[in-house]
Amino acid sequence: MPAKGLQNIVVGETRHSLVEGEKGQLVFQGYEIQDLAQHAAFEEVAYLLWYGQKPSAEQGHALRAEMAQHRSLPSGVINVLRALPASTEPMDALRTGVSALGAVNPGTNIDLAHAVSLTAQVASLIAVFHRLRHGLEIIPPREDLDHGSNYLYMITGSEPTAAQRAMMNVYLVLLADHGMNASTFTARVIASTGSDLYSAVTGAIGALKGPLHGGAPRKVLDMLDAIGTAENAETWIRDALARKERLMGFGHRVYKTTDPRAEILRETARTYSEPAFFRLAQTVEERALEILHEKKPDQRLYTNVEFYSAAVMHAVGLPRDLFTATFAASRTAGWTAHILEQAADNRLIRPDVDYVGPTGLKWNAS
C-alpha cells in the first residue's frame with residue numbers, strides 16, 4: 001500500500017532548504033534559519049536561494065536595486081486587477097494577477113531575470129489590489145525602500161516604522177522556502193512539463209491558498225478573537241476539541257516538535273505585540289499544547305508557523321485577509337528558486353497510482 005499523500009516519499013533533490021522534522025531544524029543553503037532571521041535581509045536570502053551562496057555587500061545592494069526597478073506593474077495587469085469585484089479574495093486576485101503577468105511575458109521564461117522581477121511584482125500585485133478594492137488611489141512603489149518596507153508603504157501610503165520594518169523582514173526571511181511542501185511541489189511539477197515560470201507560480205499560489213497549507217493564519221486570529229481573554233483559553237479549547245474542531249496553528253505534516261519558525265516569531269511577537277494580545281496568544285499556546293498532549297499523546301502536535309505568523313502580522317497592522325497573500329510574497333523567492341533548479345536538470349514528474357476500481361465491465365451488457 002503506497003503512502004497516502006506521498007508521506008515520507010522522496011521525489012527529488014534540492015540544495016535550497018533542509019527541513020529536519022524530528023529536530024525542529026530548518027536550513028537554507030547551509031545556513032540555520034535562526035542565523036538568517038537575526039542577521040539577513042529578505043533580499044539577501046532571496047540571493048542565497050537563487051545563486052546558492054551568501055551575497056557580498058555589493059551583490060546584496062545590486063539585487064535590492066534590481067528588485068526595486070521591477071516593482072511597477074504593466075498597465076494591462078493593473079486593468080485586470082481593476083476589473084475584479086471588490087469582494088474578490090486577495091489570493092484569488094493574486095493568482096489572477098500572476099497569470100496576467102505571464103500573458104505579457106510569453107515563452108517559457110524560466111530564468112533568473114524573470115524570477116527576480118516576479119518576486120518583486122507579487123508584492124505589488126497584492127498592494128495594488130488592496131488599494132483598488134477599497135476605492136483608494138494606487139501608490140507607486142519607491143526604489144529607496146527595501147522589499148518589505150515598500151510592500152507596507154504601497155498598502156498604507158505611510159512609510160513603515162522601524163518596528164514594522166523589523167517584523168516584516170523577519171517574517172519574509174522565515175517563509176521564503178520550506179523544502180518540498182505542497183505549493184513548491186506543484187510549482188516543480190508544472191515546470192517539469194516545460195511550461196513557463198508564471199504558470200508554475202500561478203499553480204503554487206493555488207496550492208498555498210488551501211487551509212491545509214498556507215490559508216490558516218487568519219483563522220488563528222479568528223480563534224484568538226473567539227477566545228477573547230487568557231482566562232477563557234482552557235475552557236474554550238476543551239469545548240472546541242469536544243466538538244471535534246481543529247485548533248488553528250498547531251500540528252505540522254513534517255515537524256514532530258516545535259516549528260523553529262514559530263519559536264522565532266514568538267519572540268518577535270513578544271517584542272512588538274501589545275502586551276495584552278501577546279499574553280492571550282501565549283496562554284492559548286500553552287493551554288492548547290497541554291490539552292493536545294493530554295488528549296492526543298500519539299500525534300505529537302506542536303505549535304506551527306501559522307500561530308505566531310498571525311500574531312506578528314497583526315502587530316504589523318496588516319488586514320487579516322492579506323496574511324496568506326503576504327506568505328506568497330515571501331515564498332515566491334523559494335518557488336522561483338525551485339523552478340530554476342527543476343529546469344536546470346529536468347525530468348517530467350509523473351508518478352504512478354494504484355488503480356482500485358472495477359475491471360471487466362461491458363458497456364453493452366444487458
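Which residues form one aromatic cluster? In this predicted model, the cluster to select consists of F250, F278, F307 and Y308.

Keep that selection and turn to the ring pairs, of which the count comes to four by the distance rule for ring centres. The rings of F278 and Y308 have centres 6.3 Å apart and planes at 35°, so this pair is classed as tilted. Because F278 belongs to helix α14 (residues 275-295) and Y308 to helix α15, the pair ties together parts that are 30 residues apart in sequence. Both F278 and Y308 are buried.

Next, centre the view on F307 and Y308, whose ring centres lie 4.9 Å apart with the planes at 80°, so that this pair is edge-to-face. With a relative accessibility of 1%, F307 counts as buried, and Y308, at 0%, counts as buried too.

Now display helix α11 (residues 217-227) together with helix α15 (residues 305-316), which pack with their axes 8 Å apart and at an angle of about 80°; the two helices are therefore roughly perpendicular to each other. To see the contact, select P217, V220, L221, M223 and L224 on the α11 side, and E306, F307, A310 and H314 on the α15 side. Coloured by residue class, this contact divides into seven nonpolar residues, one polar and one charged.

Finally, select R142 and Y153, where the charged end of R142 sits over the ring of Y153 at 5.0 Å from the ring centre.

Technical notes
Residues are numbered from 1 along each chain as its sequence is written. This is a predicted model: local features need pLDDT of at least 70, side-chain atom pairs count only at pLDDT 80 or more; totals for chains, interfaces and linings use all residues. Side-chain values use heavy atoms; hydrogens and water are left out. Axes are lines fitted to C-alpha atoms, for helices over the stretch in contact, and angles run from 0 to 180 degrees between N-to-C directions. Helices (H or I, at least four residues) and strands (E, at least two) are DSSP runs, numbered from the N terminus. Angles under 35 degrees count as roughly parallel, over 145 as roughly antiparallel, 65 to 115 as roughly perpendicular and the rest as oblique. Contact means heavy atoms within 4.5 Å. Ala, Val, Leu, Ile, Met, Phe, Trp, Tyr, Cys and Pro count as nonpolar, Asp, Glu, Lys and Arg as charged, and the others, Gly among them, as polar. Rings of Phe, Tyr and Trp (its six-membered ring) pair if their centres lie within 6.5 Å; planes under 30 degrees apart count as stacked, over 60 as edge-to-face and the rest as tilted. Buried means under 20% relative accessible area, exposed over 50%, partly exposed in between (1.4 Å probe, protein chains only). A charge sits over a ring if NZ of Lys or CZ of Arg is within 6 Å of the ring centre and within 35 degrees of the ring normal.
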